[in-house]
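Me: I would like to learn how to read a few features of a protein model. Please take them one at a time, with the general idea before the case.

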Amino acid sequence: MNYYDFYKAPFCKIKIVADEKGVSSIVFVKNISKPNPNKITRWALKEIDLYFKKGNLKFTFPVSFQFKGFQKKVMDFIKKIPYGSVCSYEDVAKGIGNKRAFRAVGQALKRNPLPILFPCHRIIRKDGSLGGFTGGLKTKENLLKLEGFINEKPSSFV
């Protein structure tokens, strides 16, 4: 059974979906419906609230989604990018040992079911433009502003 709850941030709405074992997805949504929470969605909701209000960097809620293969390499790498920092798609590709895979990095990020926890909003183009984001570019821009990032070319994190 799926459980879900919602978080309303100043610039976006988020749906947290979980089963009995952990959070399976975090989705940016336009509308909020009646929640069907469990203890895991409430736990995740509290930590996401801390992220938005106090810059919480430590998410401890359990996750029931498992990344595999190339996407796992990408997600493991981006999880290490510090709060308020960015790097380019190319930096991620280099960081996982495949410098030409920057387009594939973008596709792996596009399929990220757990944004914020795996901070794909911290990946921008090497020319400093934002690139894409499943929550929309305005949300990506606002997440980066929330973290104190001012748009400039990324410094190499690799």
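Me: How do the residues lining the largest pocket divide into nonpolar, polar and charged?

Reply: Rolling a probe the size of a water molecule over the atoms shows where empty space is left. A pocket here is an open set of points on a 1 Å grid over the protein atoms alone, where a 1.4 Å probe fits, with protein on both sides within 12 Å along at least five of seven lines; lining residues have an atom within 4 Å of a point. The lining of the largest pocket has 9 nonpolar, 1 polar and 2 charged residues. Ala, Val, Leu, Ile, Met, Phe, Trp, Tyr, Cys and Pro count as nonpolar, Asp, Glu, Lys and Arg as charged, and the others, Gly among them, as polar. The model is predicted: local features need pLDDT of at least 70 and side-chain atom pairs 80 or more, while totals for chains, interfaces and linings use all residues. Residues are numbered from 1 along each chain as its sequence is written, and side-chain values use heavy atoms, without hydrogens and water.

Me: Which of the lining residues lie nearest the centre of the pocket?

Reply: Of 12 lining residues, L57, F59, K79, L117 and R122 lie nearest the centre.

Me: How many salt bridges are there, and which residue meets R122 in one?

Reply: Side chains of opposite charge can pair when their charged atoms come close. With a side-chain nitrogen of Lys or Arg required within 4 Å of a carboxyl oxygen of Asp or Glu, the count is 7. R122 meets E147 at 2.8 Å, N to O. This pair links distant parts of the chain, 25 residues apart: R122 is in the loop between α4 (102-110) and β5 (123-124), and E147 in the segment after α5 (137-146).

Me: What is the strand order in the open sheet?

Reply: Strands of a sheet pair through backbone hydrogen bonds, either parallel or antiparallel. Helices (H or I, at least four residues) and strands (E, at least two) are DSSP runs, numbered from the N terminus, and two strands pair if DSSP finds at least two bridges between them. The order of the 3 strands is β1-β2-β3, with antiparallel pairing. β1 (3-8) and β3 stand at the edges with a single partner strand each, so one side of each has no neighbour in the sheet.

Me: Which residues stand opposite each other?

Reply: β1 and β2 pair over 6 bridges, with Y7 partnered by I14. Strands β2 (13-18) and β3 (23-29) are also joined by 6 bridges; V17 stands opposite S25 and I14 opposite F28.
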